[in-house]
Amino acid sequence: MSARILDPSAVADSYRAEIRAEVASLPETLTLAGFRVEGEGPTATYAEYTRRGCEKVGISFDQRVLPPEQIERAVHEAGSDPMVHGIFLYYPILGLAQDRWLRELVDPRKDVEGLHSFWSRCLYENRRYIDTGHTKRAVLPCTPLAVLKLLEEAGIGGSGEQNPLSGVKACVFNRSEIVGQPLAAMMANDGAEVTSFDIDGALEYLPPKDRGTSEVRDTGISRAAALAQADVVITGVPSREFPLVRPTEIKPGAVCVNFSTLKNFADDIVDAASVFVPRIGPMTVTMALRNAVRLYRNWNG
């Protein structure tokens, strides 16, 4: 039996309805400022997806296309502008190291992507709230959060349980600071055992004990062994040289998710998977807009 193809646009629609209702209840129009460098390509496409997503939920999108050397100052000014409620950066802008610095310039109260170190500390310390009264929820990085929501739609885990991914074994091919690393930690925080691969080898993320932090340790497990036992396989390798994951490698009935702009799975993966998610873009934008509402409520009541 062929796998069910899960359309992220359809899942995003259900979340957009909730976000639209929340946005309509706010005392002012939310404005999201998006910063990217001049030129066409993936970043321009992503910005256009953001514009459409904002339009669908009633958020104003102010796209600012600037020379790279002007973006740092512009981001700083947006952080102190009371008319800007959220900030979105479209990478690459200045290069890997400098882009990491740009992320730190975003005011965490306006960081809809959830990538500032303030939010990273919450994630890796497994802190779900930022106040002692547990009224202000922490913000999670939008792309890993999109993956988790799509897994939930695929029947993996559930939001009503303390450890919704308990007993799940996952295999993630990507350990970037933006997606793969936080995704592995988020899944482990929710109870999963995660094998994380990158070009340097494999790490194992284990669930925390007593709601503490997840344990990360080296592992010598092979790709073949990890794939054979994984209930969930998630890939985000931005290289055409990555050996495609094939149906003979995975556990029959596994849920497979591709978040790379490149194809990481063989076309016939549907012959062995139970659910296949070929892309996640629409959900990433939707989770960023969800974060925008949460940030506004955290600091404006």
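Buried means under 20% relative accessible area, exposed over 50%, and partly exposed in between (1.4 Å probe, protein chains only). By that scale Y90 is buried, with a relative accessible area of 1%.

This is a predicted model, in which local features need pLDDT of at least 70, side-chain atom pairs count only at pLDDT 80 or more, and totals for chains, interfaces and linings use all residues. Residues are numbered from 1 along each chain as its sequence is written, and side-chain values use heavy atoms, with hydrogens and water left out.

**Aromatic pairs**

A pair of aromatic rings is described by the distance of the centres and the angle of the planes. Rings of Phe, Tyr and Trp (its six-membered ring) pair if their centres lie within 6.5 Å; planes under 30 degrees apart count as stacked, over 60 as edge-to-face and the rest as tilted. The structure holds 8 aromatic pairs. Two of them involve Y90:

| Pair | Geometry | Centre to centre | Between the planes |
|---|---|---|---|
| Y46 and Y90 | edge-to-face | 5.5 Å | 85° |
| F88 and Y90 | stacked | 4.8 Å | 5° |

Y46, F88 and Y90 form one aromatic cluster. Y46 lies in helix 2 (residues 42–57) and Y90 in the loop between strand 4 (86–89) and helix 4 (96–105), so their pair ties together parts that are 44 residues apart in sequence. Helices (H or I, at least four residues) and strands (E, at least two) are DSSP runs, numbered from the N terminus. F88 is buried at 0% relative accessibility. Y46 is partly exposed at 24% relative accessible area.

**Helix 1 and helix 9**

Helix 1 (residues 8–25) packs with helix 9 (residues 281–300) at an angle of about 20°, their axes 9 Å apart. Axes are lines fitted to C-alpha atoms, for helices over the stretch in contact, and angles run from 0 to 180 degrees between N-to-C directions. The two helices are therefore roughly parallel to each other (an angle under 35 degrees). Contact means heavy atoms within 4.5 Å. On helix 1 the contact residues include P8, Y15, R16, I19 and E22. On helix 9 they include P282, M283, L289, R290 and R297.

**S214**

Where is S214 placed? S214 sits in the loop between strand 7 (201–206) and strand 8 (215–219). At 15% relative accessibility, S214 is buried. Leaving aside neighbours within four places in sequence, S214 is in contact with A185, A188, N189, L206, P207 and P208.

Technical notes:
Parallel < 35°, antiparallel > 145°, perpendicular 65-115°, else oblique.
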